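Visitor: Could you take me through this model and show me how its features are read? I would like the general idea each time, and then the case at hand.

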Amino acid sequence: MRAIIATAAGGPEVLQATDVPDPRPGPGEVLVRVAAAGVNFIDTYKRSGIYAMPFPHVVGAEGGGEVVAVGADVTTLAVGDRVAWASAPGSYAELVVVREDAALVVPADVSDEVAAALPLQGLTAHYLVASTFPVAAGQDVLLHAAAGGVGLLLTQLAAQRGARVIATVGTDEKERIARAAGAAEIIRYRELDDLTTELPARVRDLTAGRGVDVAYDSVGKDTFDASLASVARRGMLVLFGASSGPVPPVDPQRLNAAGSVFLTRPTLGDYIATRDELTWRSTELFDAVRAGTLDVRVGATYPLADAADAHRALEGRATTGKVLLLP
């Protein structure tokens, strides 16, 4: 089969399309023919060496497709079933092995592309608004990268809960997309000379000086200080990504000075630690898609062989919504 290999830690140029042996499912696993693979920032962290990985390795962990073989002890899936997944290493490939307990059965009326686009970013958006900080009506939410894959889903889910979403974006197109998703206020960060001081000032102007109840920050190094300064007394800063680079070590006294602010660095695995929790979150997401209340925007698709270009676009903040690779 064809697969995308990261040959060494480095930039997108280390990604190569290569022929590798077809994988085989073991006990409790299924073999899936990939219809679409999701491209995520965590893939770039692993490729670049920010996250420790063996090299070479087949990149990717998310996608959707059709079961073509089942291993021993598989009881809930059969050949021909359509499934999606958020955590199957080696998903930038024509075939991938998926654990039965990690596979999400895709409803018949959900397309392959939407099914592949939803798991990682949809599950992330769900746990952020439903569990990490349960968003309630009347609250103010600051959300960076609101036109990105998680951002658009998170904007919709927070707005549907009755929150006012204050979104940061970089372009006219991204402002239009974020507003359509439910963002009530937009801050164009490229118009700010000093993000660290001017963004919190804008946020506090919009909130009568109080600040936001929660700031969701997937950008990291470039926005962390501004996010912390934008949070209300006893509010929460949720750092769930680092697209601009990792945040340097933080002195806990800064949380005191910011108003007894809570800081958390969550990860998806801890919020889908049981099959019941994974099923709850995925069912709510698929039901919302089918009901037309959650729009999953596929912003760009690339042939599998062009994975390096997909990474360049994602890291260059040139994308909106979800980026997919099509084998």
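Visitor: Which residue in strand 4 is the bridge partner of Ile 5?

Guide: Strands are DSSP runs of E of at least two residues, helices runs of H or I of at least four, both numbered from the N terminus, and two strands pair if DSSP finds at least two bridges between them. In this predicted model, where local features need pLDDT of at least 70, side-chain atom pairs count only at pLDDT 80 or more, and totals for chains, interfaces and linings use all residues, the partner of Ile 5 is Val 58. Residues are numbered from 1 along each chain as its sequence is written, and side-chain values use heavy atoms, with hydrogens and water left out. Strand 1 (residues 2-6) and strand 4 pair in the antiparallel sense over two bridges.

Visitor: What is the order of the strands in the open sheet?

Guide: The three strands run in the order 2-1-4, with antiparallel pairing. Strand 2 (15-19) and strand 4 (57-58) are at the edges with a single partner strand each, so one side of each has no neighbour in the sheet.

Visitor: Which residues does the cis peptide bond join?

Guide: The bond joins Phe 55 and Pro 56, with omega of about -5°, and Pro 56 lies in the loop between helix 1 (41-48) and strand 4.

Visitor: Is Ala 208 buried or exposed?

Guide: Buried means under 20% relative accessible area, exposed over 50%, and partly exposed in between, with a 1.4 Å probe and protein chains only. Ala 208 has 79% relative accessibility and counts as exposed; although not a glycine, Ala 208 has a positive phi of about 55°.
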